[in-house]
Amino acid sequence: MAGPQCCASPPQLDPGAGIGRVETFQHLSAYVTASPDAKAGVILISDILGFEAPKLRKLADKVAAAGYFVVVPDFFYGDPFILGSGDNPFAGVQDWLKRHEKAKGFEDSTKVIEVLKSRGISAIGAAGFCWGAKVVVELAKGEVLKAGVLLHPALLTVDDVKVVKAPLAILGAEIDESSPPELVQQFGAILSEKPEVDSFVKIYPGVAHGWTVRYDENDEVAVKNAEEAHVDMLEWLNKYVN
């Protein structure tokens with residue numbers, strides 16, 4: 001499910017954040033950051049707060065520095081979820097979700113993959129955050145990804161996990177209403193019964209949903225666990241996307 005945690009601690013969006021550039025991938029704007037001569041690509045799919053989040057772009061730059069061509073598409077077409085004012089800032093999220101269904105995100109992601117392949121990127125992985133994890137799991141049901149990573153996923157179901165084909169890592173928070181630890185452990189149990197699909201499942205203590213890209217820099221526990229999750233994500237991608 002999607003709940004208030006999905007937009008807690010919202011970032012100050014910055015279209016100029018990061019050391020990369022914004023390009024057009026067919027009809028989509030996308031933040032692009034890449035190592036020279038990269039032949040492997042990684043798509044980072046944002047949470048509902050969008051592709052201009054500075055810490056998401058900082059992470060994209062970190063992945064690019066490891067040797068990848070990294071794309072962070074704007075699957076929301078300039079319409080990230082904006083918290084409302086008043087007693088219920090989360091009001092309106094259901095209408096927003098109807099405008100930005102995962103099926104459209106999946107369709108757009110396949111077009112991004114087509115562009116990457118046309119540029120000579122032969123191996124592609126993807127990592128999704130919250131809403132973005134649902135798109136990644138849809139991609140992981142087919143043959144287009146070498147590996148996927150789901151970070152504090154939302155909207156993910158047991159049925160989704162049962163049919164994945166690509167190697168999959170799921171990185172969950174101890175404090176998470178969208179994917180509580182019990183559900184993440186259930187995902188892990190299902191994956192462990194699929195010997196043909198390599199998997200990695202981990203729950204990070206003391207952190208809440210969204211922590212990997214919305215951590216408080218003054219919170220030592222959150223920073224430590226965010227950095228650890230970034231390392232785990234990159235190690236998983238390095239294992240398969242080459």
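Trainee: In the predicted model, how are α1 and α8 oriented to each other?
Mentor: In this predicted model, local features need pLDDT of at least 70 and side-chain atom pairs pLDDT 80 or more, whereas totals for chains, interfaces and linings use all residues. Residues are numbered from 1 along each chain as its sequence is written, and side-chain values use heavy atoms, without hydrogens and water. The axes (lines fitted to C-alpha atoms over the stretch in contact, with angles from 0 to 180 degrees between N-to-C directions) of helix α1 (residues 54–65) and helix α8 (residues 220–240) come within 11 Å and cross at roughly 40°. Angles under 35 degrees count as roughly parallel, over 145 as roughly antiparallel, 65 to 115 as roughly perpendicular and the rest as oblique; α1 and α8 are therefore oblique.

Trainee: Which residues of α8 make the contact with α1?
Mentor: Contact means heavy atoms within 4.5 Å. From α1 come Leu-59, Lys-62 and Val-63; from α8 come His-230, Met-233 and Leu-234.

Trainee: Which residue of β2 is the bridge partner of Val-22?
Mentor: Strands (DSSP runs of E, at least two residues; helices are runs of H or I, at least four) pair if DSSP finds at least two bridges between them. Strand β1 (residues 21–25) and strand β2 (residues 28–34) run antiparallel and are joined by five bridges. The partner of Val-22 is Tyr-31.

Trainee: Is Phe-90 buried or exposed?
Mentor: Phe-90 lies in the loop between β4 (69–73) and α2 (93–99). Buried means under 20% relative accessible area, exposed over 50%, and partly exposed in between (1.4 Å probe, protein chains only). With a relative accessible area of 12%, Phe-90 is therefore buried.
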